[in-house]
Amino acid sequence: MDKTKIDWCDSTWNPVTGCMHGCEYCYARGIAERFGGKQKYANVFDLEEPIRGDDGIAKAYPHSFSPTFHRYRLNEYINKQGRNIFVCSMADLFGDWVPDSWVEEVFKACEKAPQHNYLFLTKNPARYISLARAEKLPKWKNMWYGSTITNQDMPAFFAKEFNTFWSIEPILEPFDRMDREKKELPDWIIVGSETGRKKEKVIPKREWIENILEDCRFRNVPVFMKSSLADIWGEPFIQEFPKGLKR
Ligand code: SF4
């Protein structure tokens, strides 16, 4: 169970860690490799119990950034006070390499602790669609299915019967996909810029954010600006939550 600096949730929960998407700007891989060392990410691992170091302390990333199911973490939030939980901030739970059974176990754990809101994020929203078609994607009111999109051609999940959100982060180009006629905006939009020290980092223009905001205002969709936009946006800073996630 982790407190977090991520400003759009209260806590993170990582029953699965690791990811094979290989995004250049990935902060999670950097953290996992700092503690777990660099490895080839070709296998997945399924752990009933934590792997401990010589000091007896459980290793957070025993297989570095290789996809790993930490079953012993499934009940971490069961008796905790209700909060907004970002599930698998250190993984893509919906990557094609993740077995359906892992996803189902995570959903079962969510069902056992219904006092929380659960926020998922993926770069593979096609998996939401295939799970939904198989009737394996819960429609519970406290489940929020997010898609990370950095460029406007990337696919994103939207379906009226589910809570959906898009995390446009890091925003890498002007973004005018919010087609007002199509009426296919999710329930919430998060926007943030690239962080870290990469030399060729993309610094978004203020007008890119203005365009997104304008379309969201038109459609009454709340917008949450990540603190990475503070210098670009200035005041008043906008950090809105959809009704179901208000704190
Ligand atoms: S999808 Fe997320 S966790 Fe996976 S490599 Fe990309 S940034 Fe990292």
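By class, which residues make up the lining of the largest cavity? The structure is a predicted model, in which local features need pLDDT of at least 70, side-chain atom pairs count only at pLDDT 80 or more, and totals for chains, interfaces and linings use all residues. Residues are numbered from 1 along each chain as its sequence is written, and side-chain values use heavy atoms, with hydrogens and water left out.

Rolling a probe the size of a water molecule over the atoms shows where empty space is left. A cavity is a set of points, on a 1 Å grid over the protein atoms alone, where a 1.4 Å probe fits but cannot get out; lining residues have an atom within 4 Å of a point. Points are joined across faces, edges and corners, and a volume is the space filled by probe spheres set on them. One cavity of 30 Å³ or more was counted. The largest cavity holds about 50 Å³. Its lining consists of Trp13, Leu74, Asn75, Glu76, Tyr77, Ile78, Ala109, Ala113 and Tyr118. Seven of these are nonpolar, one is polar and one is charged. Here Ala, Val, Leu, Ile, Met, Phe, Trp, Tyr, Cys and Pro count as nonpolar, Asp, Glu, Lys and Arg as charged, and the others, Gly among them, as polar.

A nonpolar core is a set of buried Ala, Val, Leu, Ile, Met, Phe, Trp, Tyr and Cys residues joined through side-chain atoms within 4.5 Å. Buried means under 20% relative accessible area (1.4 Å probe, protein chains only). The largest such core has 29 residues, and Trp13, Leu93, Val106, Tyr118, Phe120 and Tyr145 have the most contacts inside it. At least two core residues come from each of β6 (84-87), α2 (100-112), β7 (117-122), α3 (126-133) and β8 (143-149). Helices (H or I, at least four residues) and strands (E, at least two) are DSSP runs, numbered from the N terminus. The largest share, six residues, belongs to α2. A second, separate core of 20 residues includes Trp166, Ile189, Ile212 and Trp233.

In β8, seven of seven residues are buried. Met143, Tyr145, Ser147 and Ile149 point one way, and Trp144, Gly146 and Thr148 the other. Strands β7 and β8 run parallel and are joined by five bridges. Leu121 has Gly146 in β8 as its bridge partner.

An open sheet of three strands has the order β3-β5-β4, with mixed pairing; two strands pair if DSSP finds at least two bridges between them. β3 (16-17) and β4 (45-47) each have a single partner strand, so one side of each lacks a neighbour in the sheet.

Note on methods. On a 1 Å grid over the protein atoms alone, a cavity is a set of points where a 1.4 Å probe fits but cannot get out, and a pocket is an open set with protein on both sides within 12 Å along at least five of seven lines; lining residues have an atom within 4 Å of a point. Buried means under 20% relative accessible area, exposed over 50%, partly exposed in between (1.4 Å probe, protein chains only).
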